[in-house]
Amino acid sequence: MTPITGRPVRIGFIGCGQISRKHLQAYKDIPNAEVIAGADINPEARDRVAAEFGIPHLYSDFRQMLQRDDIDAVDICLHNNFHLPATLAALEAGKHVYCEKPITGSHADAVTMVDAATGTDLLLHIQLATLYQNETRAAKELIEGGHLGNVYHARSTGYRRRGRPYVDGYGTPTFVQKRNAAGGAIYDMGVYHISQLLYLLDNPKVTRISGKTYQEIAMDEPRRADSVYDVEELGIGLVHFANNVTLDIIEAWAINIDSFEGSSIVGSKGGVRLDPFSFSCTFGDLDITGTANLDQTRYLWDKVRGDGVLYGSSQDHWIGALQGLIPLLPTAQLALNTMLISEGIYLSDRLGREVSADEVVKSSVSTAIGI
């Protein structure tokens, strides 16, 4: 890739809904990023974000926006099943692509998306926000420093007591409709925690997956009917990797328990819990668990190492990579493996048994919606 230097990276937005505001706020705080255009079929959403963030050029058809030769990259903020067609169109137009999570609605579409970017001079980046948390970097340094020894198991957890989109009071019905979102808690929240653990495990090869999903908690019946709610509120899974490592998963949009412990990763010499952050190890007969001042650590990463800001958020990292300041983290590959695991949980639930990674790949079909 030829780095973009000497000027800000110029960005066009595809989708101006709820999630776009978070992306736009992040770019607003990055001096080397400039949002110059936005596209959405909803004129109210389009005009609202344009007024709030000062976007000068607006389109109802994102393909018209892609014809602009002054756009370097696009940021795709659409529902899951729309990611693939928008990404392919952007890549064909010669634009780098930043895409909201999950990468797509199915593993088959994710493969198509990654393959389309591979071999081009263009970058494909997926929004995996947990990779840039202080806890993730601290855990990575402990693992790479050998302080966990032989890592053999990880746990991915995500918790909401009542946090189902729309039916619990926020968001739109499309978040809970399989035809648009393809999945529920696993696709919405699980992608963050699963990809975070995959990153810490160096994205190992998946061999087998077992899983179960549930939709059991009562909800407001008029909202149930309005939303056509047909995705899971709870997903659980167990994943086996080729290197004799395992990962267990529990992800809840709604559940009748007060909390979950945070995600964790354990090895022969030590273990790390990510939320709240702690490190456990044994010295002689002493079992020791300690925490760390990660705010101070972040200050050292920023001020002493000098690379902290480039790994401080998904958008900061993306802009830094486009400018050639750092290599892009393998977010597309992590997102692809996350999709394999997620779809494997659904397939295992449907078949009532453990499934192989090969079975998931062979059974996966496109869920993409043309736009």
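Is valine 228 buried, partly exposed or exposed? In this predicted model, valine 228 is partly exposed, because its relative accessible area is 44%, which falls between the cut-offs of 20% and 50%.

**Positive phi angles**
- Valine 228, which is found in the loop between helix 9 (221-227) and strand 9 (234-241), is a residue other than glycine with a positive phi, near 55 degrees.
- Aspartate 202, also a residue other than glycine, has a positive phi near 65 degrees and lies in the loop between helix 8 (185-200) and strand 8 (206-214).
- With a relative accessible area of 59%, aspartate 202 is exposed.

**Cis peptide bonds**
- Lysine 101 and proline 102 are joined by a cis peptide bond with omega of about -15 degrees, and proline 102 sits in the loop between strand 5 and helix 5 (107-117).
- A cis peptide bond also runs from aspartate 275 to proline 276, with omega near -5 degrees, and proline 276 is placed in the loop between strand 12 (270-274) and strand 13 (277-283).

**Strand 4 and its neighbours**
- In strand 4 (residues 73-76), Ala73 and Asp75 point one way while Val74 and Ile76 point the other, and all are buried.
- Strand 4 runs parallel to strand 1 (residues 9-14), to which 4 bridges join it, and alanine 73 is the bridge partner of isoleucine 11.
- Strand 4 is also joined by 4 bridges to strand 5 (residues 96-99), again in parallel, with histidine 96 as the partner of alanine 73.
- From strand 4 the chain passes through helix 4 (residues 83-92) to strand 5 in a right-handed β-α-β crossover.

**Nonpolar surface patch**
- Phe283, Leu286 and Ile288 make a nonpolar surface patch of about 300 Å².
- Leucine 286, which lies in strand 14 (residues 286-290), counts as exposed because its relative accessibility is 53%.

Definitions and conventions: Residues numbered from 1 in each chain as written. Predicted model: local features only at pLDDT ≥ 70, side-chain atom pairs only at ≥ 80, totals over all residues. Heavy atoms only, no water. Buried < 20%, exposed > 50% of the residue type's maximum accessible area, 1.4 Å probe, protein only. Helix = DSSP H or I, 4+ residues; strand = E, 2+ residues; numbered from the N terminus. Pairing = 2+ DSSP bridges. Right-handed = clockwise from strand over helix to strand, strands pointing away. Patch = residues over 30% accessible without salt bridge, like charges linked within 9 Å, V, L, I, M, F, W, Y side chains within 5 Å. Areas by Shrake-Rupley, 256 points an atom, 1.4 Å probe, with all protein chains shown as cover. Salt bridge = Lys/Arg side-chain N within 4 Å of Asp/Glu carboxyl O.
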